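Hi,

Here's the structure I said I'd send over.

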Amino acid sequence: MGSATESSALLPPAIAVSGDAADMLARRVHTEPLHAYRSPFARDAARILHARAFRRLAGKTQVFTRLRGAPPADHFRSRLTHTLEVAQISRTLAMALGLNAELTEALALAHDIGHPPFGHAGEKALDGALRAHGLSFDHNLHALRIVTWFEERYPAFRGLNLTLALREGIVKHSRDYSSTDHPELAEYFLDRFPPLEAQLIDLADEIGYLVADLDDGLDSGMLDLEEVRQAVPLFRGFHDAALREYPAAAPRLAAYDALRRIMDALVTDLQNEVRRRVTKLGAATLEDIRQAPERLAVLSREMESARAGAKAFLYARLYNSPEMEEVHAHAERVVTELFAVLMAEPERMPADHQAQIPTEGLARTVADYIAGMTDSYIESLWEGC
């Protein structure tokens, strides 16, 4: 897990994105006066937090909000509560490493803003519908469209006018893009890795949903405690430790304690592995991070193996379970059928979306409209078709 010294050492200060208003990463497309007491990245975080697309995450599925035929269960994660959990993990990591915590938190708040309704099942269905028209759906690129165009809150410009660092991180936090395939993204340094603040988001997301999905899976009854213990050594070890420390604890509380310990171990391991890799590389500046031979925000080999094993279990027993297959099939049907209806009858879309058809094309416009919907809204629209 790393020593106390390892887990408290800060990275060289020049590795962090400065946040200075004169830094090119703090620049906006449209020039604005500096705020009296907020940094550029604190303003970005606030703009995301107040965006309509962010609020709509409350009505979008993370893994499930209910099983088909069952009443809603408000204590399961939504896309919004997942985002808030990732923001907490990300800010903690950034502060522990001496990185720019305000930038990291803002990126975490924005990392899922481009997801369509029905979680990954909805995204897969929307991508499939677009591919029939020679297009595709990528939630990172859709998030960029949201913050640069769809959000309308300012009379002086379209979009949220976020800093270059926020826009680059939205695009590149979880994957790299080729300038050949995406010439429209040229301003986002496609030949270099993103800053560590952005790289951390992908791992914070992995940690957040691994622990949360084990939690929701156990709470829902879809996962059996003993089965989790047998199939996930990472859980079993920490669950045994919780039972030794709290032998009289209720089963539910012992499981919660094990999940808390898993999160702490993963976050600590990530911190220490980042420090180890930065030291091994001899990196001292942000440019060193950008020019590194590979991304530096990763788990140790041992912990990555444990995480991957737990994730494989969740795919087999939760994400692709018979119960969830029915949920996914319904999501695919709703998205696919509504997409077809709107392609045939674009007048069903609001006027502002119809106005985009000449420039964006009908298929992309329909996809943009659907991607912005909450689960309940797309259900009601589909039922009315």
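I started from Leu99: setting aside neighbours within four places in sequence, Leu99 is in contact with Leu11, Ile15, Ala16, Ala94, Leu196, Glu197 and Leu200. Keep in mind that this is a predicted model.

Leu99 also turns up in the largest nonpolar core, which has 91 residues. Leu99, Leu196, Phe235, Val274 and Val278 are the members that touch the most other members. Helix α8 gives the most to this core, with 12 residues. Apart from that core lies another one, of 24 residues, including Ala125, Tyr369, Met373 and Ile378.

Next, α13 (residues 301-319). Its buried residues are Met303, Arg307, Ala310, Lys311, Phe313, Leu314, Leu318 and Tyr319. Looking down the axis of α13, these fall within an arc of 160°, so they line one face of the helix. Arg301, Glu302, Ser305 and Ala316, on the other side of α13, are exposed. The cover over the buried residues includes α8 (196-220), α9 (225-231), α10 (233-245), α11 (251-281) and α14 (322-344).

Last, a helix pair. α6 (residues 139-150) packs with α7 (residues 164-172) at an angle of about 155°, and their axes are 7 Å apart. Angles over 145 degrees count as roughly antiparallel, so that is what α6 is to α7. On the α6 side the contact is made by Asn140, Leu141, Ala143, Leu144, Val147 and Thr148, and on the α7 side by Arg167, Ile170 and Val171. By class, that contact has six nonpolar, two polar and one charged residues.

Cheers

Notes
Residues numbered from 1 in each chain as written. Predicted model: local features only at pLDDT ≥ 70, side-chain atom pairs only at ≥ 80, totals over all residues. Heavy atoms only, no water. Axes fitted to C-alpha atoms, helices over the stretch in contact; angles between N-to-C directions. Helix = DSSP H or I, 4+ residues; strand = E, 2+ residues; numbered from the N terminus. Parallel < 35°, antiparallel > 145°, perpendicular 65-115°, else oblique. Contact = heavy atoms within 4.5 Å. Nonpolar A, V, L, I, M, F, W, Y, C, P; charged D, E, K, R; others polar. Buried < 20%, exposed > 50% of the residue type's maximum accessible area, 1.4 Å probe, protein only. Arc of directions from axis to C-beta. Core = buried A, V, L, I, M, F, W, Y, C linked by side-chain atoms within 4.5 Å.
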